[in-house]
Amino acid sequence: MTSIGANAFAGCSDLSSITFMGNAPTMGDDVFGYPLPSGLITYYQRGAKGFTTPTWQGVICEVWVDPKWQYTVANDEVTITGYTGAIANPVIPDTIGGLPVTTIGNRAFFERQDITGTLTLTGDLVIPEGVTSIGGGAFRGCSGFTGDLVIPEGVTSILDGAFASCSGFTGRLVFPEGVTSIEAQAFFACTGLTGSLVFPEGVTSIGRSAFAACTGLASVTFKGNAPELGVTSPFAWMAYTFKVYFHQGKEGFDASEWQGIDLEMIPNRAPRFRIIGNKTIKAGQTITFEVIADDEDAGDVLQYSATKP
């Protein structure tokens with residue numbers, strides 16, 4: 001559909017919603033009549049062009065959200081509690097009914113026991129940026145997920161068992177800088193995760209067995225001090241060659257072993273300066289130059305000084 005003529009829906013007073021499957025069409029005058037039908041909402045597909053929010057053509061306008069999503073609302077924020085039916089490559093909505101999705105609730109997809117019917121989640125999982133908390137057991141046992149698992153910016157806590165036994169993930173696990181707490185068994189037996197895992201500097205606690213049996217991980221690196229740990233090592237039953245790295249000057253790590261795992265310090269690296277070559281100037285002439293330096297160690301302060309000859 002590319003155009004809708006003037007007054008095309010005038011007099012349709014019982015019309016409650018309109019959903020567009022493509023880009024916004026060219027609209028004539030008063031397409032929905034005047035006055036507008038009370039409570040009319042226009043929905044459009046994510047990524048469609050030409051629509052504006054919160055209103056379009058004088059009507060409330062929102063991204064269309066699959067009605068099979070289950071959720072609750074409190075304090076004008078949405079908590080996802082489940083989904084009814086099969087879904088591939090799930091994209092959790094960032095808003096529902098104009099309200100932000102901030103939480104994925106406890107056991108939201110836990111082995112489908114909280115949802116009627118059959119729910120099979122497969123493919124890549126996309127979690128919206130507005131989510132701040134991922135509840136206990138939220139995705140436990142969702143073995144059909146594949147690819148990387150990227151936790152979005154804004155998430156500060158991942159509760160117990162949130163992704164336990166999600167063995168289908170076959171790529172990296174990436175945390176945002178704001179994460180502070182990872183609870184017990186949060187990623188237990190995510191055997192498909194690979195590569196090196198980096199913990200942001202703000203991580204202060206990791207629960208028991210949080211990453212136990214993640215046999216595909218080669219190493220973890222802590223950017224900050226050693227976090228508070230649960231009664232059982234978060235890295236039990238790892239690969240034989242698994243190692244833990246920490247940065248020089250960070251506290252709480254033993255000399256060569258930590259939690260029974262080989263430990264290696266990453267030394268601070270010297271800054272690099274790009275040197276200015278020799279220059280000849282006349283007496284009293286002003287010379288302008290730029291000092292360029294960089295340092296791979298986050299947080300290091302570089303200082304320089306210059307003096308007259």
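1. In its secondary structure the protein has 26 strands and 0 helices, and 39% of its 309 residues count as buried. The protein exposes about 16,900 Å², and carbon and sulfur atoms supply 50% of that area.

2. As for confidence, the mean pLDDT of the protein is 85, and a value of 70 or more is reached by 85% of its residues. Confidence is highest in strand E19 (residues 205-206), with a mean of 97, whereas it is lowest in strand E26 (residues 293-294), where the mean is 59. Over residues 113-118 the pLDDT is below 50, although in the model this stretch has 15 contacts beyond near neighbours in sequence. Where pLDDT is low, the predicted coordinates should not be read in detail.

3. Is glutamate 62 buried or exposed? Glutamate 62 has a relative accessible area of 16%, and because buried means under 20%, this residue counts as buried.

4. Which residues is glutamate 62 in contact with, once its neighbours within four places in sequence are left aside? The contacts of glutamate 62 are then with Thr42, Tyr43 and Tyr44, and also with Gly97 and Gly98.

Key
Residues are numbered from 1 along each chain as its sequence is written. This is a predicted model: local features need pLDDT of at least 70, side-chain atom pairs count only at pLDDT 80 or more; totals for chains, interfaces and linings use all residues. Side-chain values use heavy atoms; hydrogens and water are left out. pLDDT is the predictor's confidence in each residue, from 0 to 100. Helices (H or I, at least four residues) and strands (E, at least two) are DSSP runs, numbered from the N terminus. Contact means heavy atoms within 4.5 Å. Buried means under 20% relative accessible area, exposed over 50%, partly exposed in between (1.4 Å probe, protein chains only). Accessible areas come from the Shrake-Rupley method with a 1.4 Å probe; for residues, only the protein chains shown count as cover.
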